[in-house]
Structure formats: structure tokens, C-alpha cells
Amino acid sequence: MSDPALLVLASLAEGDKHGYAMMEDIQRFAGLRLGPGTLYGAIARLEQRGWIRPGKTTEDRRQPYTLSADGRRHLEEQLSGLNQIVRTGLKRLRHA
Amino acid sequence: MKRLARWLARLYPPQWRARYGHEFEALLEDVNLTWRDVFGVALSALGEHYMSEPTMSPRIVDLVSRDIPHGYELETVVEYPRDDGSRMLVRGFLREVDLGDSYVTLTHSSRGSEPAQTILVCGRKGDIDGDFRTDETEMLVLRADGTVQRTEQTVKTWLKYDAIRVGLREKYRNGMQAGLTPDDIFQQIRAASSSEA
């Protein structure tokens, strides 16, 4: 799973986070380091689609984001699809 | 590195900077930036210009690229949207000649109904430091009103830009051989950069 948008949604499923916290979390759980440009490209796209929404900006200009109900539904659909691929792939490997 | 990234962040479209500029700068402050990050910021900023609104993106009306001895020529007509909904044609002619240690670039371009201006740059390549080369250049700007502006300056040239340019010209050649229009090729490049971003 290397789609930046999906990684951001998966990170926010745990709770609200600002950009730097998302970068650290994604590196921890996916082993991937998203650059600032890639991360904010994904954030802008997700906000346009209504899948995430900004929270209250902190005094140090950091902007936390929240996963919306639509975003949660989209993430569940995507992960179910991926899960199906993983299960099928592993099953076929065992029988190969 | 952070200064360069902050400078590149100014390349984002104004409406993007108005919405995300402050928080993006805060993130750039937090992160230990790599050259890959800096390159990513530049690519993402360019991508935002093209992706911000599909119906508002520029359209390649005509584009012809020709190889010439020690360089190439490029003729372009690009239609850009204006904020009021009208469209503006930008016509350009570029010729680059590179002799290894030195180069000459000729640009002749006009925006909308404005008279065209010609820019001639003659450069002598200097020392390379990492991804950058320091060149001594002399630039002449020739305007249609008869005025000429001459500037001598030391400029930093980003070497990876050459590789990007070579890659784009190869995509253009392959696309034309496959029977695509220049705008088809441009849209394909745009879609590819969108999925990478």
C-alpha cells in the first residue's frame, strides 16, 4: 500500500494529526517516508473530496486534520479491497 | 535546504498558498529536509498549477520540437485561462545551442496582444557543486519599443533540470511517432505527474 492518500487516511483513522505527526506515523506503520510535497498534495486532494477536514490551528501554525465519516467509509472500502487481494494472493502462493 | 524549500513553496498557486501556505511552512520547519524532499516540493507545486481545476488548465494549441546541430528548437502556442474566464494565447520560440563549455539560449515570446520580447542568454559553464553548476552569463532583453537591457550575472543552474528536459523531449518524440497530438502528450505527462504526487 503506497498510495499517499490512503496512507494519510489510515494515519488519521487513529486520531487527529498535523502534517509532521502524519509523516512520522506513516513511516512507523508503513515503513514509507512521504515528503512534504507529496503529503500536502494528498491532504489537499482529500480535503477537496470531503474525506478529511481541518481542525483548529495551533499557535505554532500546525494544522491538525480529522477523518470525516465519508473518509472513514472510503478507507474501509479500499482496505476491504486490499484485504481481499492479500488473502487471495497468499492462498494462491500456498497452493503453488 | 530549508530556505530553498521555502522559496520553492512560493511556486504553488496563490489560492493553494492562501489555504495551505502557513501550515506547509510550519511542516517545512519541522522536517529534516532532503534533496528529494526539495525536488518533491518543486514537482508538487508545478502539479498543483495543472491539477487545481481541470477545466482551468493550460492547453497546448501547437508545439513543434526540432533537433538542430548542438541543440534544439521549440515552437509553442499555449492557451492559458484567465481569472475572468477568458483565455490568453502565449506564443513562444526557444532555441538552445550547447557547445559543452558554453551555451546560447534564444527565447522569443508574446503573451496575448502584448508585443513579443526577445531574450538572449550567453553562458559559460562553471564549477559543479552537488546538483548545481555556477555559470557566468550575459543576458540581453530586446523589447519591441527599441529598448535593450543588458545584464551580466552569476547564476546557479540546477543540473537535474537537464535530465527532466531530456525526458520530456523523449516523451514528445515517442508520442508524435505514436500519432498523438502535442496536447495528448502534455495531458499524459500531467496525468503521470498527478499519480506520482
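User: How are helices and strands assigned here?

Analyst: Helices and strands are DSSP runs, numbered from the N terminus. The model is predicted. In chain A there are four helices and two strands.

User: In what order do the elements of chain A run?

Analyst: From the N terminus on, the order is α-α-α-β-β-α.

User: What share of the residues in chain A is buried?

Analyst: Burial is a count of neighbouring C-beta atoms, with 20 or more within 10 Å as the cut-off. In chain A, 31% of the 96 residues are buried.

User: Which residues have the most contacts inside the largest nonpolar core?

Analyst: They are A:V8, A:I43 and B:A9, in a core of 33 residues. Helix 1 (4-12), helix 2 (19-30), helix 3 (36-48) and strand 2 (65-67) of chain A give two or more residues each, as do helix 1 (2-9), helix 2 and helix 3 of chain B. Helix 3 of chain A has the largest share, six residues.

User: What is A:I43 in contact with, leaving aside its neighbours within four places in sequence?

Analyst: A contact requires C-beta atoms within 7 Å. On that basis A:I43 is in contact with A:V8, A:I52 and A:Y65.

User: How many residues of chain B are in contact with chain A, and which helix supplies the largest share?

Analyst: On the chain B side there are 18 residues, in contact with 14 residues of chain A. Helix 2 (14-30) and helix 3 (35-51) of chain B each supply at least two residues of that side. The largest share, nine residues, comes from helix 2 of chain B. By type, the chain B side divides into ten nonpolar, four polar and four charged residues.

Note on methods. Residues are numbered from 1 along each chain as its sequence is written. Chains are lettered from A and ligands numbered from 1 in the order in which they are written. This is a predicted model: local features need pLDDT of at least 70, side-chain atom pairs count only at pLDDT 80 or more; totals for chains, interfaces and linings use all residues. A residue is buried if 20 or more other C-beta atoms lie within 10 Å of its own, exposed if 12 or fewer, and partly exposed in between; C-beta atoms are placed from the backbone. Two residues are in contact if their C-beta atoms, placed from the backbone, lie within 7 Å. Ala, Val, Leu, Ile, Met, Phe, Trp, Tyr, Cys and Pro count as nonpolar, Asp, Glu, Lys and Arg as charged, and the others, Gly among them, as polar. A nonpolar core is a set of buried Ala, Val, Leu, Ile, Met, Phe, Trp, Tyr and Cys residues joined through C-beta atoms within 7 Å.
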